[in-house]
Amino acid sequence: MAPLDGLRVLDLTMWRPGPYTTQLLAQLGADVIKVEPPGGEPMRMFQGHFDLLNRRKRSIVLDLKSDEGRERCLELAADAEVFVEGFRPGVADRLGVGDAVLRARNPRLVYCSISGYGADGPLAQVPGHDVNYRAYTATLPPDAVSPSLEELPVADMSAATMAAFAITAACLKARATGKGDRIDLGMADVLAHWTSTVPEALRPQPATPPPPRPAPHVTGPVPGYGVYATKDGLKITLGVVSEERLWAATCRALGLDGAADVPFAERLGRVAELDGEVAAAIARLTRDEAMERLSAAGAPVAPLLTGAEMLDLDHFRARGVLDAGPVRTAAHPPLPGGRVAGLDEHRGEGWRHLTD
């Protein structure tokens, strides 16, 4: 018997964070049904990577844009204990499988949403990937360069692990009370909270003036994914992977209209050329100019911040990440930071007794 034998998990996630979350649950015995769109999850085109993140799961195909597919999803959710989705904030509601709809049918359901910056806050609708979340949370060093294909995606994996922890905690409460919960987990929230636990004296300080000759750009795994220097000696990150709309938005914001319609398969064969064009265009802009243009176009952009800059960011303050931690729940919210006990302060005391 595995620890989570009998736990029923309906998994609507794709790419890395959500699938790793549900694989962690599956490896502890949970019965995970993976719901894929017609044609399958896009990650299947990278079969070796897909296989590593989707072991011990079952797979079904449902078209959530059809009445039949949506209704079958609702039927499965009615008998599940856990529902995990990784859509952009608001998409699950538009598809008819949002938290309010599912938990009205199944009050015991633990509904977990995993997104880049969480369901609300100033950055909620900003697109991004691992390198962007690390930039906004000061978990990239000041001398960071574009990551290689083999580099560990820290934001993705830490968020997945935190999600699995939050789900098991919420299930424990749901089984005891009969009341489920909605978990709102932002990938950036996890890293921001990690940064907030580092003593201030050890956090990265504001960027030093740029050297006379900046280091050459290091090409990332695909064009438009990585760290890019701006002309004022600061840095931004872009998080384009295979998404055609994000690549097109990035190109048009940078005046690279001729490359905007290059499909992903062709981009993979022209990585150095196309990424070099992106880097050169960004190098002609200050960080503020680049952020303004790319953000307005809907590109997945983030500034590379220091620890102090991250702590001043409105987004993480609005989400309460720094005080209450990275897990946000609706029915049973985490407790805010409390006082620190003195040495041996509670000698002779036993366990607390719940009063409600």
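The chain has 15 helices and 10 strands. Keep in mind that this is a predicted model.

On overall dimensions: a compact globule of 356 residues would have a radius of gyration near 21 Å, and the chain comes out at 22 Å, which agrees. Along the principal axes, the C-alpha atoms fill a box of roughly 65 × 60 × 35 Å. Of the 356 residues, 49% are buried. Take the contacts between residues at least 6 apart in sequence: 73% of these join residues at least 24 apart.

Next, the aromatic rings. The count is 3 aromatic pairs. Phe83 and Tyr111 have ring centres 4.9 Å apart and planes at 20°; that angle is under 30 degrees, so the pair is stacked. This pair links distant parts of the chain, with Phe83 in strand E4 and Tyr111 in strand E5, 28 residues apart. Is this pair buried or exposed? Phe83 has 0% relative accessibility and therefore counts as buried; Tyr111, at 1%, also counts as buried.

Tyr117 and Tyr133 make an edge-to-face pair, 5.1 Å centre to centre with 85° between the planes. Tyr117 sits in the loop between E5 and helix H6, Tyr133 in helix H6 itself, and 16 residues separate the two. Both Tyr117 and Tyr133 are buried. Ring pairs also bring in Tyr136, giving a cluster of Tyr117, Tyr133 and Tyr136.

Definitions and conventions. Residues numbered from 1 in each chain as written. Predicted model: local features only at pLDDT ≥ 70, side-chain atom pairs only at ≥ 80, totals over all residues. Heavy atoms only, no water. Helix = DSSP H or I, 4+ residues; strand = E, 2+ residues; numbered from the N terminus. Rg over C-alpha atoms; globule rule 2.2 N^0.38 Å. Buried < 20%, exposed > 50% of the residue type's maximum accessible area, 1.4 Å probe, protein only. Contact = heavy atoms within 4.5 Å. Phe/Tyr/Trp six-rings, centres within 6.5 Å; stacked < 30°, edge-to-face > 60°.
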